[in-house]
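Hi everyone, thanks for coming. Have a look at the model on the screen, and I'll walk you through a few spots in it.

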Amino acid sequence: MSQNYYPPEGISSVDVRILLRVFPVNQFFTIPLFSLYLNFGTEIVVIILQTKLNFMKNLLYTGGLFLLLLAACGPNTSQSTVTQEEKLEQGDTLNELVAFQKDIVIKPLSGYFVKNTIKQNDSVVCWVINNRQEMEKVFGMAKTVSNTIDTVDFNTHLLTAVTLRLSNLEQKIALTSSKQEGDAVDLHFSIMEEGPSRSFTTAMAWLGTIPKSPEVKKVRFYEGDRLIQSVDVGLLNEVIKEDSALKKY
């Protein structure tokens, strides 16, 4: 609770205000008390001492509040200090995560069918082919007067394909997502057979190319989230050398 000080008898508040006007605040408190005594008497010295005391109290109170605000707004000292090396390691980890998973460009191909020389017992068969000769053993061109047959540049791309077994139901294969995770390319498909039964049979095929890359070691085929087959890309050349007959996966 603040205390008011009144000037002693003989010294009016007007005299004090006049004194404060004569001496600016920053000079007022540095005036020697002896000089004040000679000029204004003992009463004004008492007032000056009391004023100094109030000023110091207010200064200490304000300083305490400022320190409390700094403590409240400053950093939490309980948190661990992150060194420059740790920041670099965190940055490297983030870069690795970004490189670990990325989109991959798939180019679907149209104008092909599965040759009737291919006997398929499994309901779904997945293929990865890296040369034209092997492609021509499996797929024929469905050329018409109006369609365009897409071609594959095997110098820069691999052929990936999904084929279904012969059926008298309507078949559908759709690529729903594709991405590269680390050294693997993941292809997710939606595969359906529906219908009423038809008087003829067909075998649906989906074909698409992926870029060749030394980073890619395998291609994984999924129906939805269920893994159908994983093909080791690095073994393709060895398989072809060992057996002239086409290896399917």
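Helices (H or I, at least four residues) and strands (E, at least two) are DSSP runs, numbered from the N terminus.

Please keep in mind that this is a predicted model, where local features need pLDDT of at least 70 and side-chain atom pairs count only at pLDDT 80 or more, while totals for chains, interfaces and linings use all residues. Residues are numbered from 1 along each chain as its sequence is written, and side-chain values use heavy atoms, with hydrogens and water left out.

Now the hairpin itself. E7 and E8 form it with two residues between them, and Gly182 in that turn has a positive phi of about 65°. Strand E7 covers residues 170-181 and E8 covers 184-194; they run antiparallel, joined by 11 bridges. Ile173 sits opposite Ile191 in E8.

Next, strand E6. Which strands does E6 pair with? E4, residues 124-129, is joined to E6 by six bridges, and E9, residues 205-211, by seven. Both pairings are antiparallel. Across from Thr160 in E6 you'll find Val128, and Ala161 stands opposite Leu207 in E9. Seven of the eight residues in E6 are buried, meaning under 20% relative accessible area, with exposed being over 50% and partly exposed in between (1.4 Å probe, protein chains only).

Let's stay with Thr160, which lies in E6, residues 157-164. Why does Thr160 count as buried? Because its relative accessibility is 0%. Its contacts (heavy atoms within 4.5 Å), not counting residues up to four places away in sequence, include Trp127, Leu187, Trp206, Ile210 and Phe221.

Ser110 lies in the loop between strand E2 (107-109) and strand E3 (112-114). Ser110 counts as partly exposed because its relative accessibility is 39%. Leaving aside neighbours within four places in sequence, Ser110 is in contact with Thr148, Ile149 and Asp150. Ser110 and Thr151 are 41 residues apart in sequence, yet their C-alpha atoms are 9.1 Å apart in space.

So, to recap the two residues: Thr160 is buried, whereas Ser110 is partly exposed.

Conventions:
Two strands pair if DSSP finds at least two bridges between them.
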